[in-house]
Amino acid sequence: MNTFTKTVFLVLAASSASAQNLKGSAAATTRNLQTNLPYDECVDDERPRPVRSGDRYRFNLMDSDAQCADANSDLYEYGEFNNAKDSSACAKFCVNEVNDYLAGELLGFDFDCREQTCRCLYSRGTLDGQRSYSFQRTNTRLQGEGGIEKTRSKTEFFCFRLVGTELLEDATAEA
């Protein structure tokens, strides 16, 4: 197609009703691309390993665009921290900004990249709605129990499962 033909086609297309729909679709696509943050800005480490009191907590990324769920696909109750810039910061919040009991009951975390919030995940009944914690927010109404086995679709969330802890011989060098 020569340049003149392309120009005529574009002028005609721009004035048609279907072109208006195409413009709207293009704008929606641009908005969607703008809201999807680059993966490496959200997940700086797929296997974060924060240290607490001589123990290294080992997390693995289970799924992207997903929330962690139990075998019945139920979501877990959580304590939420704000201002988590990436997955490593989220892991550190869940391990180091909670009391010893909650550190021992931790199952994993959901990281909301868009809002930069970190949800530390626990089995049903672990958090007490009447108690004060260091979290900015808690949700104790969710029914998830036991280990993280599945995920549920949730845009710009990342599910990390705690796969174990290990005692470090020289914890001060790691902290």
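D65 is found in strand β2. In this predicted model, D65 has a phi near 50°, a positive value in a residue other than glycine.

**Residues with positive phi**

- Most residues other than glycine have a negative phi.
- D65 is partly exposed, because its relative accessible area of 41% lies between the limits of 20% and 50%.
- S53 also has a positive phi, near 45°, and is a residue other than glycine.
- S53 is found in the loop between β1 (51-52) and β2.
- S53 has 71% relative accessibility and therefore counts as exposed.

**Nonpolar cores**

- The largest nonpolar core has 26 residues, and those with the most contacts inside it are F59, F109, F111, C120, Y122 and F135.
- Two or more residues of this core come from each of the elements β2 (55-69), α4 (87-96), α5 (100-105), β4 (108-112), β5 (117-122) and β7 (150-167).
- Helix α4 gives the most to this core, with 4 residues.
- Another core, of 7 residues, lies apart from the largest one and includes C68, Y76, L107 and C159.
- When neighbours within four places in sequence are left aside, C120 is in contact with E77, Y78, G79, F81, C94, L106, G108, F109 and F135.

**Aromatic pairs**

- The structure holds 6 aromatic pairs.
- One of them joins F59 and F109 in an edge-to-face arrangement, with 5.1 Å from centre to centre and 65° between the planes.
- This pair links distant parts of the chain, since F59 belongs to strand β2 and F109 to strand β4, 50 residues apart.
- F59 has 0% relative accessibility and so counts as buried.
- F109 is likewise buried, with a relative accessible area of 0%.
- A further pair, F81 and F93, is stacked, with 5.1 Å from centre to centre and 15° between the planes.
- This second pair also links distant parts of the chain: F81 is in strand β3 (residues 77-81) and F93 is in helix α4, 12 residues apart.
- F81, at 4% relative accessibility, counts as buried, whereas F93, at 21%, counts as partly exposed.
- Ring pairs link F81, F93, Y122, Y133 and F135 into a cluster.

Technical notes. Residues are numbered from 1 along each chain as its sequence is written. This is a predicted model: local features need pLDDT of at least 70, side-chain atom pairs count only at pLDDT 80 or more; totals for chains, interfaces and linings use all residues. Side-chain values use heavy atoms; hydrogens and water are left out. A nonpolar core is a set of buried Ala, Val, Leu, Ile, Met, Phe, Trp, Tyr and Cys residues joined through side-chain atoms within 4.5 Å. Buried means under 20% relative accessible area, exposed over 50%, partly exposed in between (1.4 Å probe, protein chains only). Contact means heavy atoms within 4.5 Å. Rings of Phe, Tyr and Trp (its six-membered ring) pair if their centres lie within 6.5 Å; planes under 30 degrees apart count as stacked, over 60 as edge-to-face and the rest as tilted.
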